[in-house]
Amino acid sequence: MSGRKEMRAIRVANYGGPEVLKVDPKVPVPVPSDTQVLVEVKAAGVNPVDTYIRSGSFGTTGRPLPYTPGSDVAGIVSKVGAKVTKFKPGDKVYVIRNVSGGYAEFTVAEETNVGKLPTHLSFSQGAGIGVPCYSASRAYIKAKGNFKPGNTVLVHGASGAVGLACVQIGKAKGLTVIGTAGTKEGMDLVLKHGAAQAFNHKEQGYIDKVLEATNGTGPDIIIEMLANVNLDTDMKIINKGGIIVVVGSRGNVEIAPRLLMFKESIVTGFALWNAPPEEIVEMHQVISEGLTKGWLVPSVQKEYKLEEAPLAHEEIINNTGTTGNRILIM
Ligand code: NAP
């Protein structure tokens, strides 16, 4: 148990660019309530949503100022509330949502949002579970109508944190997975995570290869990471009766609604935080099974020091050649 009263944490005093992420060396260590767990953070996941909140583009749905960003961490239980039954000090855990912020040496989380970290995973991998794996799992919940033996899923943007989890979950569900990435390294990783085929979304003609790979019919499910670029194409290539699940989009796009008629397809999307309780239960089940059985393994692209949080935010939005999660190390 930590007797520390103060900790280092990133504090955001005003919404803005990555430079507003400042290390404060004297933030009070949060105190867990009866139902909460205090975790000594070893690694914290950086997700694109952290940058949207930091920039103020989420308005009132963002965190009130000042705040510490980050939902996903992994570390060691330091203290537990009186009603906590599943964890004790010393346990290695991952956290998928916390109360006080993840870019910090300590965080508190409700017991229900804490899981035991499997021994085969590092703290950095554990910090890559939350938003990426739960989003991937929810994408398949949204595509529920389309799980038939032999069906194909195109993970459009498979080399990123969410995409790699989509590849692994899709394979575990018995789907044939096709993934795209922007580099050879990314494509190799997508194949290593279980995709049957990988194509380069930066290469002209890659969509023809996706069609060839599905014998011309197109994928039955498309999980889309960049809808503002790809939605129109997705609507053209989706199989009849297929489902397109929009996970990510960073702008507007022109589409031909008539394609929905011809293909009788469905375009849907989700925001992770809107998940109803029954879907959260389903997501917990899929993720914990994948982690325990070992078929769901987060891939760490780069580790940063806490004071490099601005660089991590810069890179997660602007870099190409993604190969998994970006993680802050305490
Ligand atoms: P990430 O790790 O940065 O990955 C981004 C992915 O997009 C990479 O695989 C990247 O590939 C790929 N990409 C780049 N250009 C592309 C293109 N033209 N076509 C298809 N894919 C392309 O981000 P992430 O954490 O996986 O998140 C992915 C997106 O989902 C983000 O926009 C994020 O905000 C969103 N998201 C939404 C929810 C939700 O609740 N709806 C939850 C989590 C994430 P290369 O770098 O190899 O080119």
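**Glu264.** I started at glutamate 264, which sits in the loop between helix H8 (258–263) and strand E13 (266–269). This is a predicted model, and I kept that in mind throughout. Buried or exposed, I wondered about glutamate 264? Exposed, since its relative accessibility is 64% and the cut-off is over 50%.

**Asn215.** Next I looked up asparagine 215, another non-glycine with a positive phi, here about 55 degrees. I found asparagine 215 in the loop between H6 and strand E11 (221–224). Its relative accessible area comes to 73%, so I noted asparagine 215 as exposed.

**H6 and H7.** The axes of H6 (residues 206–213) and H7 (residues 227–237) come within 11 Å and cross at roughly 30 degrees. That is under 35 degrees, so I put H6 and H7 down as roughly parallel to each other. The crossing of H6 past H7 is right-handed. Which residues make the contact? On H6 I listed Tyr206, Ile207, Val210 and Leu211, and on H7 Asn230, Thr233 and Ile237. Sorted by class, the H6 contact with H7 has five nonpolar and two polar residues, with no charged ones.

**Leu65–Pro66.** Last stop was the peptide bond between leucine 65 and proline 66, which is cis, with omega at about -15 degrees. I placed proline 66 in the loop between helix H1 (48–55) and strand E4 (73–80).

Notes. Residues are numbered from 1 along each chain as its sequence is written. This is a predicted model: local features need pLDDT of at least 70, side-chain atom pairs count only at pLDDT 80 or more; totals for chains, interfaces and linings use all residues. Side-chain values use heavy atoms; hydrogens and water are left out. Axes are lines fitted to C-alpha atoms, for helices over the stretch in contact, and angles run from 0 to 180 degrees between N-to-C directions. Helices (H or I, at least four residues) and strands (E, at least two) are DSSP runs, numbered from the N terminus. Angles under 35 degrees count as roughly parallel, over 145 as roughly antiparallel, 65 to 115 as roughly perpendicular and the rest as oblique. A crossing is left-handed if the near helix is turned anticlockwise from the far one by less than a right angle, and right-handed if clockwise. Contact means heavy atoms within 4.5 Å. Ala, Val, Leu, Ile, Met, Phe, Trp, Tyr, Cys and Pro count as nonpolar, Asp, Glu, Lys and Arg as charged, and the others, Gly among them, as polar. Buried means under 20% relative accessible area, exposed over 50%, partly exposed in between (1.4 Å probe, protein chains only).
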